[in-house]
Amino acid sequence: MKYDLIIFDIDGTLCPSGRILNEEELKIIDTTHPKDFKASNLGINMKYTYFPGVRTALEQIAKDAKLAIASNGPSFRQKNKLIASGIDHLFDKELVIISEDLALSYHTLDTGLNYWPNEYTKELYMKRVEKPNSSMLSHLLIRSNAPKQRAIYVGNTEEDFIAAKKAGMAFVRVIDKSKKRFKTGHEIHQNEFHKLINLLK
């Protein structure tokens with residue numbers, strides 16, 4: 001395999017985008033059994049799952065490379081999506097970076113506070129780390145000890161592509177034909193995850 005580190009976005013890449021449950025809603029849902037993760041009792045006809053072929057592809061890729069996550073969003077929501085989809089165990093916890101976590105760590109280093117004093121402060125720090133900023137990708141390169149030439153980012157948006165370019169790494173776009181098109185080197189469709197394996201060889 002050409003790459004030692006394969007980094008993934010979550011929404012629109014591994015799993016469908018959509019309404020995300022809040023903390024109060026998550027408390028009444030048992031996420032210890034991902035297949036039973038449903039929100040029908042909340043009036044939401046939704047079950048989090050991965051796109052066809054994602055789990056099989058990840059399991060195959062994990063035999064030869066480290067798997068990582070770099071995703072914008074609130075930490076508890078994004079991590080619960082991975083849990084609910086039943087693919088969280090495929091990623092080393094140290095290699096899962098959500099923008100809110102990284103923003104808070106920067107804020108803590110600057111101020112000594114491990115909480116947000118107000119939304120304005122949070123917004124400022126989030127802008128420093130959210131894609132198209134390359135901070136999350138750079139941190140993953142350091143944590144994994146992988147050179148950027150041996151790392152690749154798999155995402156679905158132009159922001160993902162720009163972040164990968166800034167970090168100096170290769171990029172694969174997971175496309176939805178109904179979404180905005182932009183020019184990238186490699187592309188696979190959401191329903192063709194098996195093709196990713198060949199692109200990484």
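A: The model is a predicted one. Of its 201 residues, 47% count as buried. The accessible surface comes to about 10,500 Å², and carbon and sulfur atoms account for 49% of that. The secondary structure consists of 8 helices and 6 strands, which follow one another along the sequence as β-α-α-β-α-β-α-α-α-β-α-β-β-α. Among contacts between residues at least 6 apart in sequence, 63% join residues at least 24 apart.

The sheet is open and holds 6 strands, in the order β3-β2-β1-β4-β5-β6, with parallel pairing. At its edges lie β3 (96-98) and β6 (186-189), each of which pairs on one side only. On average, neighbouring strands of this sheet are turned by 20 degrees against each other, with direction ignored. As a general point, the strands of a sheet pair through backbone hydrogen bonds, in either a parallel or an antiparallel way.

Towards β2 (residues 66-71), β1 is joined by 4 bridges, and the two strands run parallel. In this pairing I7 stands opposite A68 of β2. Helix α4 (residues 99-111) packs on the sheet and touches β2 and β3; the direction of α4 makes about 75 degrees with that of β3.

Towards β4, β1 is again joined by 4 bridges, and this pair also runs parallel. Here L5 stands opposite A151 of β4.

Strand β4 (residues 151-155) is mostly covered, with 5 of its 5 residues buried. In a regular strand the side chains alternate between the two faces of the sheet. In β4, A151, Y153 and G155 point one way, while I152 and V154 point the other way, and all are buried. For burial the cut-off is under 20% relative accessible area.

One of these residues, V154, stands opposite V172 in β5. The two strands β4 and β5 (residues 170-175) run parallel and are joined by 4 bridges. Between them the chain passes through helix α7 (residues 158-167), and this β-α-β crossover is right-handed.

Technical notes
Residues are numbered from 1 along each chain as its sequence is written. This is a predicted model: local features need pLDDT of at least 70, side-chain atom pairs count only at pLDDT 80 or more; totals for chains, interfaces and linings use all residues. Side-chain values use heavy atoms; hydrogens and water are left out. Buried means under 20% relative accessible area, exposed over 50%, partly exposed in between (1.4 Å probe, protein chains only). Contact means heavy atoms within 4.5 Å. Accessible areas come from the Shrake-Rupley method with a 1.4 Å probe; for residues, only the protein chains shown count as cover. Two strands pair if DSSP finds at least two bridges between them. Axes are lines fitted to C-alpha atoms, for helices over the stretch in contact, and angles run from 0 to 180 degrees between N-to-C directions. A crossover is right-handed if, with the strands pointing away from the viewer, the path from the first strand over the helix to the second runs clockwise.
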